[in-house]
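Thanks, everyone. Let me put the model on the screen and walk you through it.

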Amino acid sequence: MGQSHPNRRDLGLLVLRVGTGAVLAAHGTQKLFGWFGGGGVEGTSKAMEAMGFRPGRESAVAAGLGEAGGGLLLALGLATPAAGAAAAGAMTGAVAVHAPAGFFAQGGGYEYPAFLGFVAAAIGVTGAGRYSLDHATGHVLDRPWVVATAFVGTALAAAAVIGRRAEEQAATEDAGPDPEPEPA
């Protein structure tokens, strides 16, 4: 039995791509430009340093580009594997920050960034569908080797960044608190 509504899947992918991409792009523009009440690069740099991501400025720009760039490309359905991988990688960093608070977002947990990361990754692996720039361009940026390269590269980069953050945090904990100055 054939599919009675052949465009429903493509329409569903369009809705999912645009919605997820818009949320990610909005978060990224908070980090990069200070839009929507965000801190911009300067404020985000300080926050990244405080969260253990060093150097803070480069971390802020990378997170902002992963979210804003990945989100915009997902919404457009262009270079979808790279877009999904970039957004998922940025969300992996956010999950690492929120993980100590548990799963649920209401307690500061990683539920929300994990969900965004999974959706971005799923779209990147699945493809953008018929209503996309990837389809319009003959899928030149949506080939199997692009999927593999994007996700392996992002996984390696995310592991390196999160590993470096964990080392920084361990070193800070091992050093202990700054000693109190002796009274004069």
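Start at Phe-36, in the loop between helix 1 and helix 2. Helices here (H or I, at least four residues) and strands (E, at least two) are DSSP runs, numbered from the N terminus. Phe-36 is exposed, with a relative accessible area of 60%. On that scale, buried means under 20% relative accessible area, exposed over 50%, and partly exposed in between, with a 1.4 Å probe and protein chains only. Phe-36 is not a glycine, yet its phi is positive, about 55°.

Two housekeeping sentences. This is a predicted model, where local features need pLDDT of at least 70, side-chain atom pairs count only at pLDDT 80 or more, and totals for chains, interfaces and linings use all residues. Residues are numbered from 1 along each chain as its sequence is written, and side-chain values use heavy atoms, with hydrogens and water left out.

Back to backbone geometry. Most residues other than glycine have a negative phi, and most peptide bonds are trans. Ala-79 is another non-glycine with a positive phi, about 55°. Ala-79 sits in the loop between helix 3 and helix 4. Is Ala-79 buried or exposed? Ala-79 counts as buried, at 12% relative accessibility.

Where is there a cis peptide bond? The bond from Arg-54 to Pro-55 is cis, with omega near -5°. Pro-55 belongs to the loop between helix 2 and helix 3. Just after helix 2, Gly-52 also has a positive phi, about 95°.

Now the whole chain. The secondary structure is seven helices and zero strands. Along the sequence, that reads α-α-α-α-α-α-α. The C-alpha atoms fill a box of roughly 85 × 30 × 30 Å, taken along the principal axes. The protein has 184 residues, and 35% of them count as buried. Next, contacts, meaning heavy atoms within 4.5 Å. Take those between residues at least 6 apart in sequence: 65% join residues at least 24 apart.

On to helix 2, residues 40-50. Which residues of helix 2 are buried? They are Gly-40, Val-41, Thr-44, Ser-45 and Met-48. Seen down the axis of helix 2, these buried residues fall within an arc of 145°, so they line one face of the helix. That arc is taken from the directions from the helix axis to the C-beta atoms. On the other side of helix 2, Lys-46 and Ala-50 are exposed. What covers the buried residues of helix 2 includes helix 1 (8-33) and helix 3 (56-76).

Stay in helix 2 for Gly-43. Gly-43 is partly exposed, at a relative accessible area of 32%. Compare the position of Ala-121: Gly-43 and Ala-121 are 78 residues apart in sequence, and 28 Å apart in space, C-alpha to C-alpha.

Now a helix pair. Two packed helices are described by the angle between their axes and the distance between the axes. Helix 3 and helix 4 (residues 80-98) pack at about 145°, with their axes 8 Å apart. Axes are lines fitted to C-alpha atoms, for helices over the stretch in contact, and angles run from 0 to 180 degrees between N-to-C directions. How many residues of this contact are nonpolar, polar and charged? Eight are nonpolar, four polar and one charged. In these classes, Ala, Val, Leu, Ile, Met, Phe, Trp, Tyr, Cys and Pro are nonpolar, Asp, Glu, Lys and Arg are charged, and the others, Gly among them, are polar. Helix 3 contributes residues including Gly-66, Glu-67 and Gly-70. Helix 4 contributes residues including Ala-83, Gly-84 and Ala-87.

Next, the largest nonpolar core, ten residues in all. A nonpolar core is a set of buried Ala, Val, Leu, Ile, Met, Phe, Trp, Tyr and Cys residues joined through side-chain atoms within 4.5 Å. The members are Leu-24, Leu-74, Ala-83, Ala-87, Ala-90, Met-91, Leu-116, Val-119, Ala-120 and Ile-123. Helix 4 and helix 5 (111-126) are the elements that give two or more residues to this core. Look at Ala-120. Leaving out residues up to four places away in sequence, Ala-120 touches Leu-24, Leu-74, Gly-84, Ala-87 and Ala-88.

Last stop, Thr-92 in helix 4. Thr-92 counts as partly exposed, at 34% relative accessibility. Beyond four places away in sequence, Thr-92 touches Ala-158 and Ile-162. Asn-7 is 85 residues from Thr-92 along the chain, and their C-alpha atoms are separated by 32 Å.
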